[in-house]
Amino acid sequence: MSKIYGNIFTLWFGPYPVIILHGFQAVKDGLTTHPEDVSGRPLLPIFKVVANNKGITLSSGQNWKHQRLFSMATLKTLGIGKSALVYQIEEEAQSLVEVFRKTE
């Protein structure tokens, strides 16, 4: 299809447009030069039923950006990504392994 329509084209799945980026340069241009044009998810009715268009995985646009920023800030506050947390996780994992060994 890229030979016919070029490296950037749109396919329509019912009422939903899907932007196709073919090749490294098209993906790079799309994600760096025009990120707002190629981002987002379709607002499917099932998303509204399942999660009311909330949550990082089922939201899009500004709602997704705000929730992602909040989640990342919260995870950083809790110590995710810090080396001190790695030791605590390893210690807890070792304790869990010992419990499993005792219960056979």
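This is a predicted model: local features need pLDDT of at least 70, side-chain atom pairs count only at pLDDT 80 or more; totals for chains, interfaces and linings use all residues.

Reader: OK, how many helices and strands does the protein have?

Author: There are six helices and two strands. Going along the sequence, the pattern reads α-β-β-α-α-α-α-α.

Reader: And what share of the residues is buried?

Author: Of the 104 residues in the protein, 9% are buried.

Reader: What about contacts between residues at least 24 apart?

Author: Those make up 8% of the contacts between residues at least 6 apart in sequence.

Reader: Let's do electrostatics. How many salt bridges does a search of the whole structure find?

Author: The search turns up one salt bridge. R101 and E98 make it through their side chains, at 3.1 Å from N to O.

Reader: Where do R101 and E98 sit relative to each other?

Author: Both are in helix α6, which covers residues 83-103, and they are three residues apart, so about one helical turn separates them. In general, an α-helix has 3.6 residues a turn, so residues three or four places apart point the same way.

Reader: What's the end-to-end reach of α6?

Author: From first C-alpha to last, the 21 residues of α6 reach 31 Å, close to the 30 Å expected at 1.5 Å a residue. Just after α6 comes E104, with a positive phi of about 60 degrees.

Reader: How does α5 do on that count?

Author: Its 18 residues should span 26 Å at 1.5 Å a residue, and the end C-alpha atoms of α5 are 26 Å apart, so the two agree.

Reader: Switching to the surface: which residues form a nonpolar patch?

Author: M72, L75, L78 and I80 form one, and together they have about 370 Å² of accessible area. M72 belongs to helix α5, residues 61-78. It counts as partly exposed because its relative accessibility is 36%, which falls between the 20% and 50% cut-offs.

Reader: Now aromatics. How many aromatic pairs does the structure hold?

Author: It holds one. The pair is Y5 with F9: their ring centres are 5.9 Å apart, the planes are at 40 degrees, and the arrangement is tilted.

Reader: Why tilted and not stacked?

Author: The angle of 40 degrees is what decides it. Stacked needs planes under 30 degrees apart and edge-to-face needs over 60, so the pair lands in the remaining class.

Reader: What does V18 touch?

Author: Leaving out residues up to four places away in sequence, V18 touches F9, T10, L11 and F13. So F9 turns up again, as a contact of V18 as well as the ring partner of Y5, and it is buried because its relative accessibility is 11%.

Reader: And V18 itself, where is it?

Author: V18 lies in strand β2, residues 16-21. At 30% relative accessibility, V18 counts as partly exposed.

Technical notes. Residues are numbered from 1 along each chain as its sequence is written. Side-chain values use heavy atoms; hydrogens and water are left out. Patches are made of residues with over 30% relative accessible area and no salt bridge: like charges are joined within 9 Å, nonpolar side chains (Val, Leu, Ile, Met, Phe, Trp, Tyr) within 5 Å. Accessible areas come from the Shrake-Rupley method with a 1.4 Å probe; for residues, only the protein chains shown count as cover. A salt bridge is a side-chain nitrogen of Lys or Arg within 4 Å of a carboxyl oxygen of Asp or Glu. Helices (H or I, at least four residues) and strands (E, at least two) are DSSP runs, numbered from the N terminus. Buried means under 20% relative accessible area, exposed over 50%, partly exposed in between (1.4 Å probe, protein chains only). Rings of Phe, Tyr and Trp (its six-membered ring) pair if their centres lie within 6.5 Å; planes under 30 degrees apart count as stacked, over 60 as edge-to-face and the rest as tilted. The expected span of a helix is 1.5 Å times one less than its number of residues. Contact means heavy atoms within 4.5 Å.
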